[in-house]
Amino acid sequence: MKRLFKSLVILSAAAAVLGLTGMSLAQEAAKSVADLPVRYEELTSPDFIQAVLKSGGTCVIPVGILEKHGPHLPLGTDLLDCRELSLRAAAKEYTIVFPQYFFGQIFEAKHQPGTVAYSVHLMLDLLQETCDELARNGIKKIILVNGHGGNDQFLQYFCQTQLAAKKDYAVYLYDPSDDTSVADALKKMRKTTLDGHAGEEETSSMLAHRPDLVHMDRANDQSGEDQKRLAGLKHAYTGIWWYASQPNHYRGYGAAGTKELGETMFNLESGVLAEMIRSVKADTKTLELQKMFFEGSDKPLETKQKK
Ligand SMILES: [Zn+2]
């Protein structure tokens with residue numbers, strides 16, 4: 001923010017030299033900064049410089065997927081939802097929001113029409129190169145906002161891999177805690193308990209911002225019940241667990257969704273995400289610790305072993 005203020009002072013001084021009314025030019029510049037789009041793809045190249053300054057060098061990448069969402073919601077539901085959430089949060093706390101990013105983990109839905117499942121290395125490389133390119137453009141704090149449950153472990157693993165090689169930027173994964181007042185408020189509004197994919201919550205969020213894509217009359221065309229086909233397996237994790245439980249790629253009851261629940265979710269959660277963005281902007285410790293870690297990694301034998 002300091003640097004932004006400085007550029008306005010320079011603009012005023014330049015206007016004075018040119019014999020223009022300094023204030024009006026400064027006001028003009030301030031206005032154009034205030035009006036900067038949050039959507040990356042809508043910024044002009046010169047405006048991008050201002051957006052990087054205004055955002056404190058942050059950019060949110062909403063990460064979605066192309067997969068079936070029950071019989072009644074569109075393939076892109078997760079990205080449509082988490083991009084909407086990111087845009088609403090960015091309206092509260094300015095940041096740049098990256099364009100549609102559909103390149104996550106979705107092997108478990110390859111049996112359903114419309115799924116696009118990229119290979120393991122491509123997923124990791126594409127996200128890394130996207131982050132590298134953002135950092136090359138001055139965005140040193142990259143925020144991942146995940147809209148898809150199947151991406152959870154992939155994105156956490158991606159964050160862990162950021163320590164594999166030296167870099168001058170940090171990746172932050174939005175990870176809201178479960179025990180917030182937000183979770184309590186939503187629990188009170190909910191009608192169903194079984195949920196997780198195209199059920200009450202996702203149907204509600206789509207009803208809140210894209211009702212034209214929701215086909216409520218088809219929500220009961222298939223079962224979203226947990227089919228418990230691996231109930232005999234104890235203390236074990238296997239990649240086929242989701243298919244075993246939800247072969248229709250549907251978990252919950254979409255028919256229970258309401259626009260009101262969706263609006264409440266967006267209002268509350270965009271506040272939580274805005275709070276996260278604010279804390280990332282203020283954070284200097286992560287990059288400082290990363291730097292210290294990378295320096296230590298170059299010469300591990302010099303790392304102190306006694307107090
Ligand atoms: Zn979903």
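What you are looking at is a predicted model, and the protein chain in it has 11 helices and four strands. Of the 307 residues in the protein chain, 43% are buried. If we take the contacts with a separation of 6 or more, residues 24 or more positions apart account for 76% of them.

Let me go to the interior next. As a general point, nonpolar side chains in soluble globular proteins tend to be buried together. In this model the largest nonpolar core has 31 residues, and those with the most contacts inside it are Ile61, Ile96, Leu127, Ile139, Ile142 and Leu144. At least two residues of this core come from each of the following elements: helix H3 (45-54), strand E1 (58-63), helix H4 (77-92), strand E2 (96-97), H5, strand E3 (141-146) and H6. Which helix gives the most to this core? That is H5, with six residues.

Leaving aside its neighbours within four places in sequence, Ile61 is in contact with Phe98, Tyr101, Leu127, Thr130, Cys131, Leu134, Ile142, Ile143, Leu144 and Val145. There is also a second, separate core, which has 22 residues and includes Val60, Cys82, Leu85 and Ala274.

Now to the helix pairs. Two packed helices are described by the angle between their axes and the distance between the axes, and I will give both for two pairs.

The pair to look at to begin with is helix H5 (residues 120-136) with helix H6 (residues 152-161), whose axes come within 11 Å and cross at roughly 55°. Because of that angle, H5 counts as oblique to H6, and the crossing of H5 and H6 is right-handed. On the H5 side the contact is made by Met123, Leu124, Leu127, Gln128 and Cys131, and on the H6 side by Phe154, Leu155, Tyr157, Phe158 and Thr161. Sorted by class, this contact of H5 with H6 has eight nonpolar residues, two polar residues and no charged ones.

The other pair is H4 with helix H10 (residues 259-282), which pack at an angle of about 60°, with their axes 8 Å apart. H4 and H10 are therefore oblique to each other, and their crossing is right-handed. From H4 the contact draws on Asp81, Glu84, Leu85, Ser86, Arg88, Ala89 and Lys92, while H10 brings in Glu263, Phe266, Asn267, Glu269, Ser270, Gly271, Leu273, Ala274, Ile277 and Arg278. What is the make-up of this contact of H4 with H10 by class? It has six nonpolar, four polar and seven charged residues.

Staying with helices for a moment, please find H8, which is mostly covered, since nine of its 10 residues are buried. The buried residues of H8 are Glu200, Glu202, Thr203, Ser204, Ser205, Met206, Leu207, Ala208 and His209, and they pack against H4, H7 and H10.

That brings me to the loop between helix H7 (181-189) and helix H8 (200-209), where Thr193 has its place. Thr193 is exposed, with a relative accessible area of 82%. Although Thr193 and Gly252 are 59 residues apart in sequence, they are 7.9 Å apart in space, C-alpha to C-alpha. Ala198 lies in the loop between H7 and H8 as well, but Ala198 is buried, with a relative accessible area of 0%. The phi of Ala198 is near 65°, a positive value in a residue other than glycine.

A positive phi is also found at His249, where the value is near 55°, again in a residue other than glycine. His249 is in the loop between helix H9 (241-245) and H10, and with a relative accessible area of 1% His249 is buried.

Finally, let us go back to H5 and look at Arg136, which lies in that helix. Is Arg136 buried or exposed? At 60% relative accessibility, Arg136 counts as exposed, because the cut-off for that is over 50%. Arg136 and Tyr169 are 33 residues apart in sequence, and in space they are 9.3 Å apart, C-alpha to C-alpha.

Technical notes: Residues are numbered from 1 along each chain as its sequence is written. This is a predicted model: local features need pLDDT of at least 70, side-chain atom pairs count only at pLDDT 80 or more; totals for chains, interfaces and linings use all residues. Side-chain values use heavy atoms; hydrogens and water are left out. Axes are lines fitted to C-alpha atoms, for helices over the stretch in contact, and angles run from 0 to 180 degrees between N-to-C directions. Angles under 35 degrees count as roughly parallel, over 145 as roughly antiparallel, 65 to 115 as roughly perpendicular and the rest as oblique. A crossing is left-handed if the near helix is turned anticlockwise from the far one by less than a right angle, and right-handed if clockwise. Contact means heavy atoms within 4.5 Å. Ala, Val, Leu, Ile, Met, Phe, Trp, Tyr, Cys and Pro count as nonpolar, Asp, Glu, Lys and Arg as charged, and the others, Gly among them, as polar. A nonpolar core is a set of buried Ala, Val, Leu, Ile, Met, Phe, Trp, Tyr and Cys residues joined through side-chain atoms within 4.5 Å. Buried means under 20% relative accessible area, exposed over 50%, partly exposed in between (1.4 Å probe, protein chains only).
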